[in-house]
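User: I have a structure to go through with you. Can we take it topic by topic?

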Amino acid sequence: QVQLVESGGGVVQAGESLRLSCAASGRTFSSYAMTWLRQAPGKEREFIGFIRWSSGTTYYADSVKGRFTISRDNAKNTVYLQMNSLKPEDTAVYYCAARGSGSTEYAYWGQGTQVTVSS
């Protein structure tokens, strides 16, 4: 059974940092792009960025570039989202998802983890 399990969400003050984890299991993800997305209340889901598992190449949305960093630990089969200088507008449910090489759709999703940034 393929699973993506996010963890690490919580409540922080503006300006603080938080690291989210996405533990992947049930298959090999070497040909996948592991993606982070978020959805704030009343808003559409927003792309944050991804990391290609095989190469470690990353890509970020302009809204988070310079503040957020995606990394992976091959030994732990885990992808991370390091979030620095958090702002109240970063408040959302954060999801990780896996997109296969050449695919435009996400094959697997995690359940999401809530991040709340207070001012």
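User: What am I looking at, and what are the ground rules?
Analyst: This is a predicted model: local features need pLDDT of at least 70, side-chain atom pairs count only at pLDDT 80 or more, and totals for chains, interfaces and linings use all residues. Residues are numbered from 1 along each chain as its sequence is written, and side-chain values use heavy atoms, with hydrogens and water left out.

User: OK. What does Cys22 form with Cys96?
Analyst: A disulfide, with the sulfur atoms of Cys22 and Cys96 2.0 Å apart. The cut-off is a pair of cysteine sulfur atoms within 2.5 Å. By that rule the count is one disulfide.

User: Which hand does the disulfide of Cys22 and Cys96 have?
Analyst: The S-S torsion is about 60 degrees, so the disulfide of Cys22 and Cys96 is right-handed. Cys22 sits in strand S3 (residues 18-25) and Cys96 in strand S9 (residues 92-100), so the pair ties together parts 74 residues apart in sequence. Strands here are DSSP runs (E, at least two residues), numbered from the N terminus.

User: And Cys96, buried or exposed?
Analyst: Cys96 is buried, with a relative accessible area of 2%.

User: Sheets next. What is the strand order in the open sheet of four strands?
Analyst: The order is S1-S3-S8-S7, with antiparallel pairing. S1 and S7 are the edge strands, and each pairs on one side only. Twist averages 15 degrees from one strand to the next. Axes are lines fitted to C-alpha atoms, for helices over the stretch in contact, and angles run from 0 to 180 degrees between N-to-C directions.

User: How many bridges between S1 and S3?
Analyst: Five, in the antiparallel sense. Pairing requires DSSP to find at least two bridges between two strands. One example is Val5, whose bridge partner in S3 is Ala23.

User: How many bridges join S3 to S8?
Analyst: Six, and those strands run antiparallel. Leu20 has Leu81 as its bridge partner in S8.

User: Back to S1. Which side chains there point to the buried face?
Analyst: Leu4 and Glu6 point to one face of S1 (residues 3-7) and are buried.

User: Now the core. Which members of the largest nonpolar core touch the most other members?
Analyst: Met34, Trp36, Leu81, Met83 and Tyr94, out of 28 residues. Strands that each supply at least two residues of this core include S3, S9 and strand S4 (32-39). A nonpolar core is a set of buried Ala, Val, Leu, Ile, Met, Phe, Trp, Tyr and Cys residues joined through side-chain atoms within 4.5 Å.

User: What does Tyr94 touch?
Analyst: Leaving out residues up to four places away in sequence, its contacts include Glu6, Leu20, Leu81 and Met83. Contact means heavy atoms within 4.5 Å.

User: Rings. How many aromatic pairs?
Analyst: Nine aromatic pairs. Rings of Phe, Tyr and Trp (its six-membered ring) pair if their centres lie within 6.5 Å; planes under 30 degrees apart count as stacked, over 60 as edge-to-face and the rest as tilted.
Analyst: Phe29 and Tyr108 form an edge-to-face pair, 5.9 Å centre to centre with 80 degrees between the planes. Phe29 lies in the loop between S3 and S4 and Tyr108 in strand S10 (residues 106-109), so the pair ties together parts 79 residues apart in sequence.

User: Is Phe29 buried or exposed?
Analyst: Phe29 is buried at 2% relative accessibility, while Tyr108 is partly exposed at 22%.

User: How about Tyr32 and Tyr108, what are the distance and angle?
Analyst: Their ring centres are 6.1 Å apart and the planes at 45 degrees, so the pair is tilted. Tyr32 in strand S4 and Tyr108 in strand S10 are 76 residues apart. Tyr32 is buried, at 10% relative accessibility.

User: Which residues make up that aromatic cluster?
Analyst: Phe29, Tyr32, Trp53 and Tyr108 form one cluster.

User: Last one. Where is Gly56?
Analyst: Gly56 is in the loop between strand S5 (46-52) and strand S6 (58-60). Gly56 is partly exposed at 24% relative accessibility. Its C-alpha lies 7.5 Å from that of Arg72, 16 residues apart along the chain.

Technical notes:
Buried means under 20% relative accessible area, exposed over 50%, partly exposed in between (1.4 Å probe, protein chains only).
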